[in-house]
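Subject: Structure handover, chain interfaces

Hello,

Here is the structure I said I would pass on. My notes on the chain interfaces follow it.

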4 protein chains.
Amino acid sequence: MKAGATKQQIRHMVERVESVGLKAILLEGTNRNVIACIGDKRHIPEDFWAAAPGVERAVPILAPYKIASREAKATSTEIRMDGAVIGGKKVAVIAGPCTVESREQILATARAVKAAGACALRGGAFKPRTNPYTFQGLMEEGLEYLALAREETGLAVVTEVMCPEDVPLVCKYADVLQVGARNMQNFPLLKAVGETRKPVLLKRGLAATLEEFLLAAEYVLSEGNQQVILCERGIRTFETYTRFTLALSIVPQLKEMTHLPIIVDPSHGTGKSSLVGPMSKGAIAVGADGLIIEVHPEPERALLDGAQSITPAEFGTLMKELAPVAAAVGRDM
Amino acid sequence: MKAGATKQQIRHMVERVESVGLKAILLEGTNRNVIACIGDKRHIPEDFWAAAPGVERAVPILAPYKIASREAKATSTEIRMDGAVIGGKKVAVIAGPCTVESREQILATARAVKAAGACALRGGAFKPRTNPYTFQGLMEEGLEYLALAREETGLAVVTEVMCPEDVPLVCKYADVLQVGARNMQNFPLLKAVGETRKPVLLKRGLAATLEEFLLAAEYVLSEGNQQVILCERGIRTFETYTRFTLALSIVPQLKEMTHLPIIVDPSHGTGKSSLVGPMSKGAIAVGADGLIIEVHPEPERALLDGAQSITPAEFGTLMKELAPVAAAVGRDM
Amino acid sequence: MKAGATKQQIRHMVERVESVGLKAILLEGTNRNVIACIGDKRHIPEDFWAAAPGVERAVPILAPYKIASREAKATSTEIRMDGAVIGGKKVAVIAGPCTVESREQILATARAVKAAGACALRGGAFKPRTNPYTFQGLMEEGLEYLALAREETGLAVVTEVMCPEDVPLVCKYADVLQVGARNMQNFPLLKAVGETRKPVLLKRGLAATLEEFLLAAEYVLSEGNQQVILCERGIRTFETYTRFTLALSIVPQLKEMTHLPIIVDPSHGTGKSSLVGPMSKGAIAVGADGLIIEVHPEPERALLDGAQSITPAEFGTLMKELAPVAAAVGRDM
Amino acid sequence: MKAGATKQQIRHMVERVESVGLKAILLEGTNRNVIACIGDKRHIPEDFWAAAPGVERAVPILAPYKIASREAKATSTEIRMDGAVIGGKKVAVIAGPCTVESREQILATARAVKAAGACALRGGAFKPRTNPYTFQGLMEEGLEYLALAREETGLAVVTEVMCPEDVPLVCKYADVLQVGARNMQNFPLLKAVGETRKPVLLKRGLAATLEEFLLAAEYVLSEGNQQVILCERGIRTFETYTRFTLALSIVPQLKEMTHLPIIVDPSHGTGKSSLVGPMSKGAIAVGADGLIIEVHPEPERALLDGAQSITPAEFGTLMKELAPVAAAVGRDM
């Protein structure tokens, strides 16, 4: 309560707290009175309390997410798909171009990343583009090429879905449904992928707090889909040398908060191919369960994100360099 | 080009620039060589150039949006709807509860804000909620109550639409389609509202740059819908005393960049009812074309956003206080 | 306490709380136990508690600043100097060039801003420059010119002091000691200006929270100098269209928290002369007690900050435009 | 130049560019005219150009720092002190308490961190404290204890200096002068430490861009002191789960820009002891030259920063875990 809250305001709040089924305890302090609310009503927003007269602020004690929390499930979740596990001892590497550009491009990339040790192929068929005048993806044709690549290489296919009505189509071809950073709080989409039984790769929004990130995962989980892979891909800060700020500290922080696996995207997270290698090593060292890396046969000719893509040859070298880092922290590649 | 770029790399880039139809001029400097690219190819991303060997960075000279720009259209756009113009001399005030909770709640609020001078009624029927366990809106029932309120009061109805498949339904009831901050880069939704001929109120994403904001507007405009109202509602910064940071400086900045009208949301922008009044005055003083304000008959009992809602009585007082501020900057209320 | 905190850890914390003279009350919740600490020990940092085993987090109820708080002093503080009051009904305008460049430049500017209605003259003699190779100020010579200008015009002189050893020298010439944004947490400097009896104009650091800002003021106040003027000058965010983000919402927010006067710097806050006018109007509308504006006779030839300076003629026009805005919110110019 | 810039404005700018000794080349584009300026005048701020009529913006091609740049010196700089090299093949670890609290505390810590493999001892005698009512350090007494610890253990002493007048005193005892994050742009202090011949450990300001960080280093370098160690310690972002956001991507980014060694502070960078281990591993994996870690014999009783301190035993374990990570990236411990 505020310093100047009246007795009547305090009494009123105590009654309100009790009216929703919580126990209220009044703590009379030297400068402030505090009403402790005991019970589990975490669906009631802080805001609900803060609007009443005489209230200074409401401090939630319980996290607002449940199924995603480490308390709800102590053991780490492993997500299984054809030929890949994410969240196990082995660090999982998903690789491929930003966008499916042609049959040849995606097949050549798939073969190369498979040979280098990737467990899944990424590639966008539906592309969320900031600028309406730029290439928006091959759509179903792109999905078909991804399926072809899976057939040939055995790699699982990870691809983005952008709206609820595309979910059935993308499910037909994909092994993992990616929800992009700009859609992290697209709640109808979260519900739609939550209704499927495909693993969901959920990218963190570029200004999302960890709590909002876990609440977005909770949308998927609460629809009955328990297979959510969290992906850190950089946040927006004042720094402009890199495209985003890749905050690796969230990996060990999330490990304390949730049982879900966490992977890192060093390509979008930095926007610079020269930083992909060091940040991949850093991600594994801090405990990430996997990486998602942009690989393009000819970065200079990529329709999108060329500046942050590495070549298949660079990817092969990087995979060799990552193995000792993984071993150093008790993981396999 | 980088300091150490080779002659061959420079020649290669000059050829690439010319191959897309631009004119290339090589500027040989004391520490760096620069290739000036002349022509209008603003659909080619910076990234396309930055991926080539020897390139240090690409600096775009032209803004990537076209239809939204002040250069494309020098006169300010006015959006007209029943009983309201946004972008004219009169400052437009949209008011109403965060969420439609009941027939009585919305009718009572509509009457009160109409009496105080609002030109449009806001109220959410479909609510984007961070937490999946909280109230998600009355949906079509809510839209019906809004339509009833319009019938009775003559206020235009502004309400949010959250996914492409809901656009036809919301169009049936609404005068203005609101795209929320979390959906500012939901591109399928932007295209869907762009295909309608209803005015679109586009809220700025909480980490969106001004360029991204105008490119989101460009998505709507490029589908043929010229009626876009921009809305600043606070950005996410390190500051935690207010829910978001309401950066009024973007209002005069956007006025230089675009012909579209700009309104301000002091309720979401601050998250505190005590700041709604001062920030409304500030918004008008810096040149905003309108305000969108949360008004609830009983903020303490609001299902959402009670802490930032003001009462009808407070709204009435505020409207009276805003009139001299508008007059002081040459506007009417 | 954490969900899994042991009885022993809880008992241990209760003892620690009591050992520093606070009363501890254990609240046993459904998922967490909370220890309420009653008493006023706000000099103990949260951190002190958070380090103990089993503790999840510490939530301070009392603000850590005392003298600066509105609770400590309900009436707003007015700072008086020759020919000027800051914090009264009249909006105070401090104007002048970023840097004192010459006798003629400062005298001409002083006459012009005096004629237009400014109450004080700003001008840097010691300049904090990001780049070591750029102009660092005229130093004592600059102070002398400022004193000359005061003699001729009667304007109070506001100028920056950059380190404790310069305080006596600057005091000899200045009416108000300015502490720059980059020095907001230069604690030896804060103590040194706190030991003088000159008013201190304290600029908010570009990443300072409101609490840190008020604690910086508290350093000055706790040395016995009660004359602190707070100055918002823009924070650093992801936005790059303006040099900084001028968050006017902190003005009414600070008014709730502190009795100290608050002024706004629209020149540094935006970095663009075209935005100085609108943001000055906005600052007054949200309740600022004053403005500090960069005025230069020839912005194009200014040694520093030309892009954000306005001419004396533009300043004269602006002052006339500000008067009705001030009147609209019950203030004088 | 702006889209509507007149011929006269363009001619005027061409003349201004040439008047400062640069060559001006006018590039006539389809929507904009651009004036390319050839020559090395990087001490002229962008701002100088942007203030002229008709100018839209100025884009600097050359970085504003010189001595710090990788171009000025291609080989990486190694900083040598008694028993330690920072910037060599061996990863240097500086460890010790946030603050010197007593003779016993600092000696015990020094012995423990020496035994575990640290090469230098950190410990604050002069403490920059946000809150004026909290412990400010033992001052000279603290420096004496640090010197005693060096005598006994052979560890180099790293300690903070807060203002120019303390530089001689701190130099008497310290091997490395630390400039704290809040003083990164305290220019008189940077000059004062630049005039000494002691290595300077320069912490990045919490809202400093990389360019500002390197310009701060340039202040020290340009005074003739070539021994600057850069230290990343977390930036301020919207994220609140950690105290700051430790952006490891700046390590490989800075390695491209500068020859100076770069170390990481995982203690301040996260504010949580549980994250110190993972982030130390991550820092080494991304290529950091060293670490600075807070170690306290009894974190729970630390006067400052207990929540982010680890115990000597934890430090010993961590050092053993770091060795294979260093080996994995071709470094020694």
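Buried area here is the accessible area, taken with a 1.4 Å probe, that two parts lose on being put together, summed over both. Please keep in mind that this is a predicted model. I looked at two interfaces, and the notes take them in turn.

Chain C and chain B

By that definition, about 2800 Å² is buried between chain C and chain B, and carbon and sulfur atoms account for 69% of it. On the chain C side, the residues that lose the most area to chain B are C:Phe238, C:Tyr241 and C:Ser249, which together make up 22% of what that side buries. The contact involves 37 residues of chain C and 36 residues of chain B.

There are 2 salt bridges across this interface. In a salt bridge between B:Arg204 and C:Glu239, the N to O distance is 2.6 Å.

As for secondary structure, four helices of chain C give two or more residues each to the side that touches chain B: helix 7 (210–222), helix 8 (250–257), helix 10 (273–285) and helix 11 (312–328). Helix 10 has the largest share, with 7 residues. By residue class, this side of chain C has 21 nonpolar, 9 polar and 7 charged residues.

Chain A and chain B

Between chain A and chain B about 4200 Å² is buried, 53% of it on carbon and sulfur atoms. A:Thr130, A:Tyr133 and A:Glu300 contribute 16% of the area that chain A buries against chain B, more than any other three residues. Chain A brings 51 residues to the contact and chain B brings 50 residues.

The salt bridge count between these chains is 4. B:Glu300 pairs with A:Arg16 in a salt bridge, with the closest N and O atoms 3.1 Å apart.

On the side of chain A that touches chain B, at least two residues come from each of helix 1 (7–19), helix 2 (46–50), helix 6 (187–195) and helix 7 (210–222) of chain A. Helix 7 of chain A gives the most, with 5 residues. The residues on this side of chain A split into 25 nonpolar, 12 polar and 14 charged.

Regards

Definitions and conventions:
Residues are numbered from 1 along each chain as its sequence is written. Chains are lettered from A and ligands numbered from 1 in the order in which they are written. This is a predicted model: local features need pLDDT of at least 70, side-chain atom pairs count only at pLDDT 80 or more; totals for chains, interfaces and linings use all residues. Side-chain values use heavy atoms; hydrogens and water are left out. Contact means heavy atoms within 4.5 Å. A salt bridge is a side-chain nitrogen of Lys or Arg within 4 Å of a carboxyl oxygen of Asp or Glu. Ala, Val, Leu, Ile, Met, Phe, Trp, Tyr, Cys and Pro count as nonpolar, Asp, Glu, Lys and Arg as charged, and the others, Gly among them, as polar.
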